[in-house]
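The sequence and model are shown first.

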Amino acid sequence: MKVLVTGGTGYIGSHTVRELTARGYDVVVIDTLERSSRQTIGSLPFYQGSITDDAFLERVFAQEKPGAVIHFAAYKAPGESMLEPEKYFRTNVGGSISLLETMARHQVRFIVFSSSCSVFGTPTQLPVTENAPFSPESVYGETKLMGETLLRWFEKTRGIRYAALRYFNASGASLDNVIGEDWDRTQNLIPLVMKAALGVTPSIKVFGTDYPTADGTAVRDYIHVVDLAIAHVKALEYIQRTNTSEAYNLGTGVGNSVQEVINAAKRISGVDFKVEYVPRRPGDPAAVWADCHKAESELDWKTQYDLEVILQTAWRWHSTHVQGFRN
């Protein structure tokens with residue numbers, strides 16, 4: 001079967017493309033290349049363009065005739081989304097509408113959607129289950145929640161089946177060091193730690209040391225990007241096999257503190273980089289980690305790689321690709 005991957009040259013998208021091809025799927029990729037590199041997908045069929053361009057989508061669907069879609073294409077920085085809400089609503093929501101409309105016209109009935117744990121905001125209970133109340137705290141989180149709402153209504157009105165995958169903290173790089181995260185715009189902890197270890201930045205800032213956690217720093221659920229990629233393929237196969245729609249939390253089910261990540265990164269890199277401890281940022285929850293039992297039981301999926309492997313692969317990638325794909 002042919003799978004169309006939107007945003008397929010990006011960080012999680014490119015790892016999923018590799019997983020799909022390794023499992024024998026035909027894959028076609030679309031991306032704007034605004035924040036990614038064509039190099040991540042090798043010689044696979046590729047179209048450069050935006051999901052907000054109806055004519056572009058129509059042309060790709062008519063020519064490639066995909067049987068399913070995995071949808072990553074979106075802007076994804078919560079802070080930026082608060083400064084440029086129009087851009088986020090136009091692409092993340094408007095683009096998703098265009099994509100779903102095109103799918104319906106071409107009778108493509110299956111889609112896996114890249115959602116986020118940000119739909120929950122600050123959780124009221126831990127671990128976070130799929131039934132936790134929605135309370136996004138950024139425009140980005142709201143656009144992901146709106147994306148899930150679109151999916152529910154396109155299922156009811158157009159018969160499109162979906163899996164909405166709510167990631168926690170995607171981290172690491174491919175095990176063979178061929179692809180990884182481009183850190184130019186990232187605000188994620190692990191690539192920022194690697195920047196400090198490699199001397200690209202003078203230090204890493206830790207926001208808050210007075211949280212009610214074991215060491216006073218915030219706790220998050222870090223999941224290896226390869227585990228995430230495998231989950232996308234399993235989710236696609238599940239909704240096709242069962243003809244149902246579901247939402248899943250994807251994490252490890254284990255929380256690690258910011259200080260634990262820093263200590264492990266110093267050990268793995270062999271660099272005693274500088275750490276600055278500064279006050280908390282408004283809105284940062286003390287601890288967030290996932291309940292992944294639903295994905296484990298229904299998708300037959302479980303994470304394989306722990307924080308140690310995440311940091312090892314991240315260090316290997318960033319230390320050999322200091323300029324990302326421009327090396």
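This is a predicted model: local features need pLDDT of at least 70, side-chain atom pairs count only at pLDDT 80 or more; totals for chains, interfaces and linings use all residues.

## Aromatic pairs

A pair of aromatic rings is described by the distance of the centres and the angle of the planes. The structure contains four aromatic pairs. One of these joins Tyr75 and Tyr88: the ring centres are 5.6 Å apart and the planes meet at 45°, so the pair is tilted. An angle under 30 degrees would count as stacked and one over 60 as edge-to-face. Tyr75 and Tyr88 connect distant parts of the chain, 13 residues apart. Tyr75 belongs to the loop between strand 4 (68-71) and helix 3 (78-83), whereas Tyr88 is part of helix 4 (residues 85-105). Tyr75 and Tyr88 are both buried.

Trp317 and Phe325 form a further pair, with ring centres 5.2 Å apart. Their planes lie at 55°, so this pair is tilted. Trp317 is buried, as is Phe325.

## Charges over rings

Two arginines are placed over aromatic rings, and each is described here in turn. Arg280 lies over the face of Tyr211, at 4.1 Å from the ring centre. For Arg281, the ring concerned is that of Phe207; the charged end of Arg281 sits over this ring, 4.3 Å from its centre.

## A cis peptide bond

Most residues other than glycine have a negative phi, and most peptide bonds are trans. The peptide bond that runs from Leu126 to Pro127 is cis, and its omega is near -10°. Pro127 is located in the loop between strand 5 (110-116) and helix 5 (139-158).

Leu33 is a residue other than glycine with a positive phi, near 65°. Its position is in the loop between strand 2 (26-31) and strand 3 (46-48). The relative accessible area of Leu33 is 24%, so this residue is classed as partly exposed; the buried class would require a value under 20%.

Gln107 is not a glycine either, yet its phi is positive, at about 55°. The residue Gln107 occurs in the loop between helix 4 and strand 5. With a relative accessible area of 70%, Gln107 is exposed, the cut-off for that class being over 50%.

Note on methods:
Residues are numbered from 1 along each chain as its sequence is written. Side-chain values use heavy atoms; hydrogens and water are left out. Rings of Phe, Tyr and Trp (its six-membered ring) pair if their centres lie within 6.5 Å; planes under 30 degrees apart count as stacked, over 60 as edge-to-face and the rest as tilted. Helices (H or I, at least four residues) and strands (E, at least two) are DSSP runs, numbered from the N terminus. Buried means under 20% relative accessible area, exposed over 50%, partly exposed in between (1.4 Å probe, protein chains only). A charge sits over a ring if NZ of Lys or CZ of Arg is within 6 Å of the ring centre and within 35 degrees of the ring normal.
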